[in-house]
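Reader: I am new to this one and would like to go through it slowly with you. Could you bring it up so that I can ask as we go?

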Amino acid sequence: MLDLSQPTSLHLILCATEADQAALRAAGFRSVRIVTSVEDLFRFNGDEYVLDAALELFQSFVLAYPNSASDLREQIAIRLGDLKCRWISFPKDAPTPAALAQAGGTAELSNAVLAAYPMWTDEISTMDEIPEPGPEQTYECGIKGIDDHGFRFI
């Protein structure tokens, strides 16, 4: 019996070329859309440009763009919501989904999509990047017995 208590989330993969789209579909992903510019995300409704209503059906997006297209990737993430977007970091020898599928096979491309990074992880500090605090300023209380014992106010 189908468990309807857990909603399934829909993911859309955005890529730049038809070759990338074909490679992603061959890797088993059906929701793949070509977006070559930020303007492709919007539709004219008669009065103004609004975000395409079809994009609102998806809970998350995977941005499968080459590392050299980071500006486009970031602009798309801003429009769609950075918390909903993840991105793929491609190796230098296979900079696109099509090249990765050709070099490592569809399984490697599928793993790259599943292991996509959240947007702007460089804004998160690791523990070794946080500096050690300096010495705290302490004060005596003014009572000789307590001050001699070592009690201090911070």
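Reader: Let me start with Cys 15: is this residue buried or exposed?
Author: Cys 15 has a relative accessible area of 0%, so it counts as buried (buried means under 20% relative accessible area, exposed over 50%, and partly exposed in between, with a 1.4 Å probe and protein chains only). Before we go further, please keep in mind that this is a predicted model, in which local features need pLDDT of at least 70 and side-chain atom pairs count only at pLDDT 80 or more, while totals for chains, interfaces and linings use all residues. Residues are numbered from 1 along each chain as its sequence is written, and side-chain values use heavy atoms, with hydrogens and water left out.

Reader: Thanks. Where is Cys 15 found, and which residues does it touch?
Author: Cys 15 belongs to strand S1; strands (E, at least two residues) and helices (H or I, at least four) are DSSP runs, numbered from the N terminus. Not counting residues up to four places away in sequence, Cys 15 touches several others, among them Asp 20, Gln 21, Leu 24, Val 32 and Tyr 65, where contact means heavy atoms within 4.5 Å. Ala 64 is also one of the residues it touches, and although Cys 15 and Ala 64 are 49 residues apart along the chain, their C-alpha atoms are separated by 5.0 Å.

Reader: And Gln 21, is that buried or exposed?
Author: Gln 21, which sits in helix H1, has 18% relative accessibility and therefore counts as buried. Leaving aside neighbours within four places in sequence, Gln 21 is in contact with Cys 15, Val 32, Arg 33 and Ile 34.

Reader: Back to the strands, then: what is their order in the sheet?
Author: The sheet is open and has five strands, in the order S2-S1-S5-S6-S7, with mixed pairing (two strands pair if DSSP finds at least two bridges between them). Strand S2 (32–34) and strand S7 (117–118) are at the edges and have a single partner strand each, so one side of each is left without a neighbour in the sheet.

Reader: In which sense do S1 and S5 pair?
Author: Strand S1 (residues 11–15) and strand S5 (residues 60–64) pair in the parallel sense, over five bridges, and Ile 13 stands opposite Val 62 in S5. Helix H1 (residues 18–26) packs on the sheet and touches S1, S2 and S5, its direction making about 175° with that of S2; axes here are lines fitted to C-alpha atoms, for helices over the stretch in contact, and angles run from 0 to 180 degrees between N-to-C directions.

Reader: What about H1 and H3, at which angle do they pack?
Author: H1 and H3 pack at about 50°, with their axes 7 Å apart, and that makes H1 oblique to H3. Angles under 35 degrees count as roughly parallel, over 145 as roughly antiparallel, 65 to 115 as roughly perpendicular, and the rest as oblique. Ala 19, Asp 20, Ala 23 and Leu 24 of H1 make the contact with Pro 97, Ala 98 and Ala 101 of H3. These residues divide into six nonpolar, no polar and one charged, where Ala, Val, Leu, Ile, Met, Phe, Trp, Tyr, Cys and Pro count as nonpolar, Asp, Glu, Lys and Arg as charged, and the others, Gly among them, as polar.

Reader: New topic: how many salt bridges are there?
Author: The count comes to three salt bridges, each being a side-chain nitrogen of Lys or Arg within 4 Å of a carboxyl oxygen of Asp or Glu. Arg 33 forms one with Asp 52, their closest N and O atoms being 2.9 Å apart. Arg 33 lies in strand S2 and Asp 52 in the loop between strand S4 (49–51) and S5, so this pair ties together parts that are 19 residues apart in sequence.

Reader: Which residue besides Arg 33 is linked with Asp 52 in the network?
Author: Arg 43 belongs to that network of salt bridges together with Arg 33 and Asp 52, and the side chains of Arg 43 and Asp 52 meet at 3.6 Å, N to O. Arg 33 counts as buried at 16% relative accessibility and Asp 52 as buried at 12%, whereas Arg 43, at 40%, counts as partly exposed.

Reader: And where do Lys 144 and Asp 148 lie?
Author: Both lie in helix H5 (residues 144–149), four residues apart, which is about one turn of the helix. Lys 144 forms a salt bridge with Asp 148, the closest N and O atoms being 3.1 Å apart; Lys 144 counts as exposed at 62% relative accessibility, and Asp 148 counts as exposed at 57%.
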